[in-house]
Structures are given as C-alpha cells and as structure tokens.
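Colleague: I am new to this model and would like to be taken through it. Could we begin with the strands and then turn to the helices?

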Amino acid sequence: MPHLVTLIPGDGIGPEVAAATERVLAATGVAIEWDRVELSADRIRSTGESLPADVLASLERTKVGLKGPVTTPVAGGFQSVNVALRKKLDLYANVRPVKSMPGIHTRFDDVDLDMVIFRENTEDLYSGLEHEVVTDVITSIKVITRTASARIARAAFRFGSRHLRKKVTAIHKANIMKLADGLFLRCCREVAADYPHLIYNELIVDNASMQLVSRPEQFDILVMPNLYGDILSDLAAGLVGGLGVVPGANLGDNHAIFESVHGSAPDIAGKNLANPTALILSSVMMLEYLKEFEAAKRLQAAIRLTYKEGDSLTGDVKGTATTTQFTDAIIRHLTK
C-alpha cells in the first residue's frame with residue numbers, strides 16, 4: 001500500500017523545491033500517494049485564515065505532511081502558518097539535525113559536526129500571551145509546564161537511545177528564571193534518570209551559545225524550551241552552511257510535518273535556481289518516520305555523494321547548477 005502524505009508546496013521557491021523532492025522520492029521506489037493542498041500568502045489573504053479548512057482536513061486524513069516554505073502576509077494580523085500548525089495539531093517537538101555536508105566550505109571545515117536539536121514547540125513566550133498594562137508598558141508571559149517539558153525531554157532521550165547517541169544537553173536560563181526554567185530542568189533530570197546509558201549535562205543558554213561557536217563538536221543532542229530552540233537551531237545551521245542545507249520536522253503523538261525551514265526567496269522564484277536540499281533532507285526524515293529505512297539511507301547517501309562530487313551544486317553553495325541539474329545528480333546516484 002502506498003503511503004498517503006499531504007504535500008504543501010508553499011509559495012515563492014516552494015513549488016520548485018517540492019517538485020524536486022517529489023522526483024527524488026519517486027526515484028527511491030517508495031510508493032507515496034500525494035494529497036496536494038495549496039497554501040500561500042495569496043490564499044491566506046483570500047480566505048482570511050492561516051490554515052484553510054482543506055489543509056487541516058488533509059492533514060487529519062493523512063497524519064503526515066511534507067511542507068515547503070509558506071509566506072505569512074505581513075501586517076495583516078495573521079498568525080504564522082508554522083505556529084498555527086504546531087498548536088492545532090499539537091506538534092510539540094521541533095527536531096532539527098545539524099550535520100556537516102561534504103563539499104560545503106564553512107568556518108568549521110576542520111570538524112565533523114553531527115548534532116540534533118530538540119526544541120519544545122508549543123509554549124514558552126510563543127504562547128502569545130501579551131498585555132499592555134498601561135500605555136507603552138507591555139508584559140509578555142512565558143509559559144512552562146511539566147507536561148510539555150517532560151514530553152520534549154522524553155522525545156530527546158528516546159531518540160538518543162534509539163540512534164545510539166551518547167549525550168543529551170539541556171539548555172536553560174534557570175539561574176535567572178528559577179521557577180520556569182527550573183521546572184524545565186527538573187523534568188529533564190527526571191527523564192534522564194530513566195536513560196542511565198546516556199550522558200546528561202546542562203548549560204546556561206548564553207554559555208551554550210558561546211560554546212556552539214567555539215567548540216561545536218562537543219554537542220550531540222540538545223533539548224531546550226521554545227525560544228532558545230528557535231535561536232540556537234538557526235545558529236547551529238549557520239555552522240554547517242545555513243538553513244538551505246538543514247532539514248526540519250515537527251512531531252506530535254498523532255501527526256508529523258516535515259519542512260524546509262528557510263524562507264520562500266521570492267527573488268529567485270521561478271528561475272530554476274533554488275536549492276532543494278533542505279526539503280529533500282526533510283523527506284529523508286519523513287521516510288524514516290514512515291519506516292522506509294533502506295530508502296532513507298540510500299537517499300541520504302545520494303545527497304552526500306552529490307555534494308562530495310561538487311559539480312552539480314546550486315549557486316547558494318558556490319555552484320553553478322540549476323535546481324533541475326542538482327536534482328538530476330541525486331537521482332543519478334540513487335539509481336546507479
């Protein structure tokens with residue numbers, strides 16, 4: 001039976017990178033039946049909704065989605081599409097693997113980076129609880145709960161155990177936010193006790209930021225609340241070449257959405273210049289989620305071989321190839 005998956009191409013370069021990803025997934029031989037739904041800035045404006053009913057209906061039916069970049073209209077009062085999806089479907093774990101890619105020259109060429117960031121996805125300052133106390137005095141409420149903290153910690157440790165990782169680092173600011181981040185740390189410590197074979201340590205977020213750019217090779221799995229995760233996951237992506245080469249997943253107990261985390265890049269849309277790596281790598285994570293492990297392994301290897309050879313890379317990573325040529329190279333390595 002084919003896997004039924006919702007496809008949200010998005011806008012800007014989204015349709016191009018989504019089409020490239022469809023092609024390489026077809027080349028793996030895995031049977032996927034796509035339920036394609038449209039979501040873009042224009043559609044959000046026309047419907048007046050960040051998540052039109054047909055998009056949610058498709059995801060409720062398939063339980064799995066692959067999503068390109070979607071532009072949220074600016075200054076229109078619309079909630080971020082990503083935030084809306086995470087809250088509506090309770091996608092509490094944002095998972096972002098950050099791994100060095102052969103052929104991409106960065107400031108960290110001398111180290112082989114391989115870390116995975118687990119970001120709590122549903123609360124913290126992203127709860128959106130703000131209030132103007134008096135004119136020009138605003139409070140924004142940070143929400144940390146035991147339920148959310150424990151389940152993101154358990155997701156990180158469970159992943160570490162299944163994938164034979166060695167260490168989990170909890171990132172916090174409990175020296176200042178003693179109650180909120182203190183609760184997050186207590187939950188992490190309680191979960192860590194169930195996984196004695198994994199090393200557990202803790203870092204204050206400012207120290208973690210410094211160490212990410214001074215000794216990033218020390219990190220394995222990092223787990224943290226929402227705001228720190230949003231910032232540090234982008235920082236970590238910069239260590240290996242940027243958001244264009246880093247995948248992402250939003251996972252819940254009943255739904256999963258795999259997405260490229262970069263923007264829609266309207267300046268190059270329709271020009272066959274976009275780099276589809278992030279969405280293709282996200283599809284590798286999707287294959288693993290669907291238990292198509294052999295296909296995921298082959299696709300990952302084909303991507304890395306394409307980068308190692310270096311003669312079919314797109315302009316953002318110092319190459320001259322088009323989106324189509326880059327995709328063709330991956331498919332060539334897949335079908336050898």
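Colleague: In which sense do strand 8 and strand 9 pair, and over how many bridges?

Modeller: Strand 8 and strand 9 (residues 199-204) pair in the parallel sense, over six bridges. Strands here are DSSP runs of E with at least two residues, helices are runs of H or I with at least four, and both are numbered from the N terminus. Two strands pair if DSSP finds at least two bridges between them. Please note that this is a predicted model, in which local features need pLDDT of at least 70 and side-chain atom pairs count only at pLDDT 80 or more, while totals for chains, interfaces and linings use all residues. Residues are numbered from 1 along each chain as its sequence is written, and side-chain values use heavy atoms, with hydrogens and water left out.

Colleague: Which residue stands opposite T169 there?

Modeller: The residue opposite T169 is N201, in strand 9.

Colleague: Is strand 8 mostly covered or uncovered?

Modeller: Strand 8 (residues 167-172) is mostly covered, with six of its six residues buried. Buried means under 20% relative accessible area, exposed means over 50%, and partly exposed is in between, with a 1.4 Å probe and protein chains only. On one side lie K167, T169 and I171, on the other V168, A170 and H172, and all are buried.

Colleague: What is the order of the strands in the sheet?

Modeller: The order is 2-1-3-12-11-4-5-10-8-9, in an open sheet of 10 strands with mixed pairing. Strand 2 and strand 9 are the edge strands, each pairing on one side only. From one strand to the next, the twist averages 25°.

Colleague: What holds paired strands together in general?

Modeller: Strands of a sheet pair through backbone hydrogen bonds, either parallel or antiparallel.

Colleague: Which way do strand 4 and strand 11 run, parallel or antiparallel?

Modeller: Strand 4 (residues 93-99) and strand 11 (residues 247-251) run antiparallel and are joined by three bridges. The bridge partner of A93 in strand 11 is L251.

Colleague: And how many bridges join strand 3 to strand 1, and how many to strand 12?

Modeller: Strand 1 (residues 3-8) is joined to strand 3 by three bridges, and the two run parallel. L66 in strand 3 is the bridge partner of L7. Strand 12 (residues 256-260) also runs parallel to strand 3, with four bridges between them. Here G65 has I257 in strand 12 as its bridge partner.

Colleague: What about R36: where is it, and what does it touch?

Modeller: R36 belongs to strand 2 (residues 32-36). With a relative accessible area of 45%, R36 is partly exposed. Leaving aside residues up to four places away in sequence, R36 touches L7, P9 and E22; contact means heavy atoms within 4.5 Å. R36 and I8 are 28 residues apart in sequence and 6.2 Å apart in space, C-alpha to C-alpha.

Colleague: Turning to the helices, which strands does helix 1 lie across?

Modeller: Helix 1 lies across strand 1, strand 2 and strand 3, and runs at about 165° to strand 2. Axes are lines fitted to C-alpha atoms, for helices over the stretch in contact, and angles run from 0 to 180 degrees between N-to-C directions.

Colleague: How do helix 1 and helix 10 cross?

Modeller: The axes of helix 1 (residues 14-28) and helix 10 come within 10 Å and cross at roughly 125°. The two helices are therefore oblique to each other; angles under 35 degrees count as roughly parallel, over 145 as roughly antiparallel, 65 to 115 as roughly perpendicular and the rest as oblique. In this contact, V24, L25 and T28 of helix 1 meet A295, R298 and L299 of helix 10.

Colleague: How do helix 10 and helix 11 cross?

Modeller: The axes of helix 10 (residues 293-309) and helix 11 come within 8 Å, crossing at roughly 125°. That makes helix 10 oblique to helix 11.

Colleague: Lastly, is T327 buried or exposed?

Modeller: T327 counts as buried, at 0% relative accessibility. T327 lies in helix 11 (residues 323-334). Not counting residues up to four places away in sequence, T327 touches A20, R23, V24 and P276.
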